[in-house]
Amino acid sequence: MGPQSSGKSTLLNHLFNTNFREMDAFKGRSQTTKGIWMARCAGIEPCTLVMDLEGTDGRERGEDDTAFEKQSALFALAVSDIVLINMWCHDIGREQAANKPLLKTVFQVMMRLFSPRKTTLMFVIRDKTRTPLENLEPVLREDIQKIWDSVPKPEAHKETPLSEFFNVEVVALSSYEEKEEHFIEQVANLRQRFFHSIAPGGLAGDRRGVVPASGFSFSAHEIWKVIKENKDLDLPAHKVMVATVRCEEIANEKYSNFVANERWTDLEEAVQSGPVSGFGKRLNSILESSMSGYDDEAVYFDEGVRTAKRKQLEEKLLQLVQPAFQSMLGHIRSGTLDKFKDAFDKSLSGGEAFSSAAHHCSTTCMAMFDEGSADVTVEIANWDTSKVRDKLQRDIDAHIASVRAAKLSELTSSFESKLNEALSGPVEALLDGASSETWPAIRKLHQCETESAVSGLSDALSGFEMDEETKQKMLASLENYARGVVEAKAKEEAGRVLIRMKERWFTMLFSHDSDSMPRVWTGKEDIRAITKTARSASLKLLSVMAALRLEEEVDNIEKTLSAALVDATSTTTDKSITKFDPLASSTWEQEANKRNNNWLPPPWAIAALLILGFNEFMTLLRNPLYLIIIFVGYLLVKALWVQLDISGEFRHGALPGLLSLSTKFVPTIMNLIKKLAEEGQAPATNDSHQNPALASKSNRNGVSTSDSSSSASSGVTSSGNETEYSSASKDE
Ligand SMILES: Nc1nc2c(ncn2[C@@H]2O[C@H](COP(=O)(O)OP(=O)(O)OP(=O)(O)O)[C@@H](O)[C@H]2O)c(=O)[nH]1
């Protein structure tokens, strides 16, 4: 800065090889530079910017702070490290020096910087005279001090010395117009002082509050804005503000560069379709270059701001890449699960025991997953992979469990089918040739096969590391199965017992003699004896089929059968209902029928009926007509019940019973009506003995002839009704 046409632009152009507009010497002295101009110094390292300010007019004015002169001086002090002040040599020591008002302005605005930094004020004495600099300098400093003292200062800076705010330097140059060679030489010397001016001990003052070059443009704009608004300049706050804005800009730029980075887009696309080898390495490298790019650019900005913005950038980037990381982890998980299934399958088919294969494959695969997930780790993120790991472990366990269940059921069914094969045929053959040895042989076979199957299964189960209880349950179920096979076979054979008995009786023994030759009937044979032998042989077969004898217990079935069916028939010809019948009292099927026929409701239900139906009972008792109607109804129903043999019909199931009843119902009703009609006619003719057959029939059978014949046809196995049974037996 300096007075108008004091050769500022000329000096700057020579000093820094710049190209500021200079006044044309032939056009006369007039203002050339308007506003503030800026240029980069050529050939000076590190990058140095130089500003050429509009010249001051040298008049002392009481203008306010909005005057451009003051604003530009404040701007220069706020952004510059070194301020060159041009002054004429002959002005030194003069009361009316041209730059006195300028210096006053400089000192005043310095107070307006919220926290001023130490700026170098270099006084450049132009058109130096013969007076040596050593003599001029003290006079100049004295002038400066005087001006400093005369400037009104705020309370805080009342006693602050000038040196607190400024480094004062003084240089003198020969006249450019008269001693150009000297001028150029001296300027060249001065230029040397601008190399590395910001290095320690260099020409620049302290570097408090400076902003990095990348923030300069923004910072200069903001400072100028504040100055224009006539506000105080808070340089530290400004520094933070510039850092915030710039760091954010840098971070945003790095983020968008990352998003557009081909290496990243390729990686992101690839991971959609499957696992990508070296995913972690590639991603880390792209992230690393973004972050280090940020660090490089933001390094000179305020540390607090820089770190905070770095963290934000990091978070944004991680948010961007996390889905890719998750899908990569997902690929590893599903890939590992597939590998596990394959390896497990191979181990099992290679004959390895189940639990050892499960354990070994699971351990290997989990290690494989750990390795894989370590490879995809994003270094700056430290994301937790344990959830995915747990999921994999659960999937593996579930697979093991399902294979285990399948294998166990496969094993069980294989042993079962073996047992079935080993037991069915032989048991059938043994029952075919029923004899007293049949059941011991079946027992032996059953025991032998069961034992071998159980021990086989037990051996096979040893590879499954199962708890003893479950194992015992499985073995017991196999034993039950074996028993079931024998039982089913025996029942199946028992179903065919009638045919077999017949075969044995007639075909084998009755029609053949003891030498198995077809019998020739001569009339001399003892038919009774042959019949007895044949009958007892077939009863023998019946007794073999009659019960399951898987336990070694002595039973009386054969004896009972012969007593009831052979001996009884040979000794008694008349069976009475009062005679003890061992077959009827046995606990076989009849017992079940008896239970089925227990139609009475339980005692509590009877009690409930009595209590709840008390009113109805009383109504009935009070009105004898009701009672008579009910009694007649009861008689009718009972008659129908007996006629239709309802309990007998339903013995074979509800549907056949209903069908049979529906066919019998109408004829029976007709029969009853007919009967009643006949009864009615009988007294009219007053001759009961005219129809003795009808009378005797009705007397003997109570209700109807058709009844007795239908009861007879139902045979011994009809209901437990004793009367029915005896009448049927008599008919037989
Ligand atoms: N006497 C003298 N004249 C000089 C010197 N240096 C430059 N001049 C002359 O002064 C005149 C003004 O030069 P500029 O360099 O344009 O001066 P300025 O201070 O930049 O002028 P403004 O930008 O208008 O304030 C020119 O004619 C120069 O030749 C010098 O050292 N001594």
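How many helices and strands does the protein chain have? The chain holds 27 helices and 5 strands, where helices (H or I, at least four residues) and strands (E, at least two) are DSSP runs numbered from the N terminus. This is a predicted model, in which local features need pLDDT of at least 70 and side-chain atom pairs count only at pLDDT 80 or more, while totals for chains, interfaces and linings use all residues. Residues are numbered from 1 along each chain as its sequence is written.

Figure 1. Welcome to the first close-up. Of the 19 residues around the ligand, Gly-7, Ser-9, Met-23, Thr-33 and Gly-55 come nearest; a residue is near a molecule if its C-beta atom, placed from the backbone, lies within 6 Å of it. The shell divides into 3 nonpolar, 11 polar and 5 charged residues. Here Ala, Val, Leu, Ile, Met, Phe, Trp, Tyr, Cys and Pro count as nonpolar, Asp, Glu, Lys and Arg as charged, and the others, Gly among them, as polar. H1 supplies the largest share of this shell, 3 residues.

Figure 2. An unreviewed UniProt entry lists Gly-2, Pro-3, Gln-4, Ser-5, Ser-6, Gly-7, Lys-8 and Ser-9 under "binding site"; UniProt positions are given in the numbering used here, feature names are shortened, and annotations may be inferred rather than shown by experiment. Pro-3 sits in the segment before helix H1 (8-16), and Ser-6 has its place in the segment before H1 as well. Pro-3 counts as buried because 21 C-beta neighbours fall inside 10 Å. Ser-6 is buried too, with 24 other C-beta atoms within 10 Å. The rule is that a residue is buried if 20 or more other C-beta atoms lie within 10 Å of its own, exposed if 12 or fewer, and partly exposed in between, with C-beta atoms placed from the backbone. Leaving aside residues up to four places away in sequence, Ser-6 touches Gly-55, Asn-86, Trp-88 and Arg-126; two residues are in contact if their C-beta atoms, placed from the backbone, lie within 7 Å.

**Figure 3. Leu-53 in strand E2.** Leu-53 belongs to strand E2 (residues 49-53) and is buried, with 20 C-beta neighbours inside 10 Å. Its contacts, not counting residues up to four places away in sequence, are Met-1, Ile-36, Ser-72 and Ala-76. The C-alpha atoms of Leu-53 and Ile-36 are 4.6 Å apart, although 17 residues separate the two along the chain.

Figure 4. Most residues other than glycine have a negative phi, and most peptide bonds are trans. The bond from Glu-45 to Pro-46, however, is cis, with omega near -15°, and Pro-46 lies in the loop between strand E1 (36-40) and E2. Asn-382 has a positive phi of about 55° in the loop between helix H12 (354-376) and helix H13 (386-432). Asn-382 counts as exposed, with 8 C-beta neighbours inside 10 Å. Glu-465 has a positive phi near 45° in the loop between helix H14 (438-461) and helix H15 (468-495), and is partly exposed, with 13 other C-beta atoms within 10 Å.

**Figure 5. Helix H11 and its kink.** At 1.5 Å a residue, the 47 residues of H11 (residues 303-349) should span 69 Å, and its end C-alpha atoms are 64 Å apart, which agrees; the expected span is 1.5 Å times one less than the number of residues. A kink of about 40° lies at Val-321, shortly before the proline Pro-323, the bend being the angle between axes fitted to the seven residues ending there and the seven starting there.
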